[in-house]
Amino acid sequence: MAASSPSPVLRPRLPSPAQEVRDERFEQHGVRLLLKRDDLIHPELPGNKWRKLVPNLRAAAGRTVLTFGGAYSNHLRATAAAGRLLGFPTVGIVRGDELADRPLNPSLARCAADGMTLRFVDRATYRAKGDPEVLAGLLSAFGDCFVVPEGGSNSLAAQGCTELGRELRGSVDVAAVACGTGGTLAGLAAGLGPGRRALGVPVLRGGFLGDAVRALQEEAFGGPAGSWSLDERFHFGGYARTPPALHAFADDFEQRHGMPVERIYVAKLLYALTELAAEGAFPSGTTVAAVVTGCP
C-alpha cells in the first residue's frame, strides 16, 4: 500500500456521518444524542476496523499479516477481507484448540473464504501470545510476518483513531465508544481536543482496560493524551454475552430509530448511555456522540 493514502479498494466514506436521533430518554434530561456512523465507512472494514487496520497495513507493506482473535472476532474478519481485497496473505491465530475439529462458525468460515489461514491454539498458549518465545513459535510456521495484536490495537491503530476525535471536535461534549482492547478510545481521546471527554464502555470483564489505554497512549503519543474515562458496569457478563434484556433494549432501539444495532459492542454502548442519562451523568445541554463501530 502507498504510504500516503489507502488503496482505492479501501477508500473510505470519511468523515463518517453524525446523525442526530430524537429519543425522549435523552431529551427529558436535556441531552442531545448523535450517532457517529463509523459502521458506514467501508462495507467490509466498517468502523474502527478501518481506522485501526489501515495504518498497520501500510506498515506491513504487502507482507503476510498475522493476527489474533476469538471464534467470533470482527477483527479477524476485517483482516481477512483486507487481505482478499489487497492481495496479501493473512494468518489468524484463533483462541481455542477445541475448535479445530468442529465445523467453522459463519465468522471463521468467512475468514477462510477470504483466504485467511486459521491456526487454532489452546487457551494457555493464546493468553501467552505476547511472550517472545511463544510468539516466535507461532511465527515459525509462517515465515516473515507483520504481527498485528488482538483487536488491532497498537500504537499505529491509536494514531489512526485520532481522526475520529478530530471529526467530532467542536461538535460534541462527550464522545462514547464501546471498548474491547482500548485502541479506539486511546486515539479518540487524543483527537477530541481540549474541553471534550471520551467515554469508554468496556464489553469485557476484568478491569484491565484502563492500564491498556494508558499504555497505548504512552506508546502512540509519548504520554497521556486528552480526557477519557471508563464505565465498567455494562459488559453484561463479558464478551459476547448478550442476555435477553440487552436484546430487548436493542430491538426497541431499532424500532424507535430504524437502525440495526450490533449486539456485542453497540447495544452495550447505547444501553450504557441511556442508563447514564437517566442517572443524570450528563448535565443538561450536553451533546453526546455514540460511536457506532460495527454492523450486525
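Trainee: How many aromatic pairs does a search of the whole structure find?
Mentor: Six. Keep in mind that this is a predicted model.

Trainee: Okay, take F236 and Y271. Which geometry does that pair have?
Mentor: The pair is edge-to-face, because the ring planes stand at 80 degrees and over 60 counts as edge-to-face. The ring centres of F236 and Y271 are 5.0 Å apart.

Trainee: And where in the chain do F236 and Y271 sit?
Mentor: F236 is in the loop between β9 (227–230) and α10 (244–257), while Y271 belongs to helix α11 (residues 266–279). They are 35 residues apart, so the pair links distant parts of the chain.

Trainee: What about Y239 and Y265, how are their rings arranged?
Mentor: Edge-to-face too, with 5.9 Å from centre to centre and 65 degrees between the planes. Y239 is in the loop between β9 and α10, and Y265 is in the loop between α10 and α11, so this pair ties together parts 26 residues apart in sequence.

Trainee: Is Y265 buried or exposed?
Mentor: Buried, because its relative accessibility is 17% and the cut-off is under 20%. Y239, at 27%, counts as partly exposed.

Trainee: New topic: what sits over the ring of Y126?
Mentor: That's the charged end of R95, 5.3 Å from the ring centre.

Conventions
Residues numbered from 1 in each chain as written. Predicted model: local features only at pLDDT ≥ 70, side-chain atom pairs only at ≥ 80, totals over all residues. Heavy atoms only, no water. Phe/Tyr/Trp six-rings, centres within 6.5 Å; stacked < 30°, edge-to-face > 60°. Helix = DSSP H or I, 4+ residues; strand = E, 2+ residues; numbered from the N terminus. Buried < 20%, exposed > 50% of the residue type's maximum accessible area, 1.4 Å probe, protein only. Lys NZ or Arg CZ within 6 Å of the ring centre and 35° of its normal.
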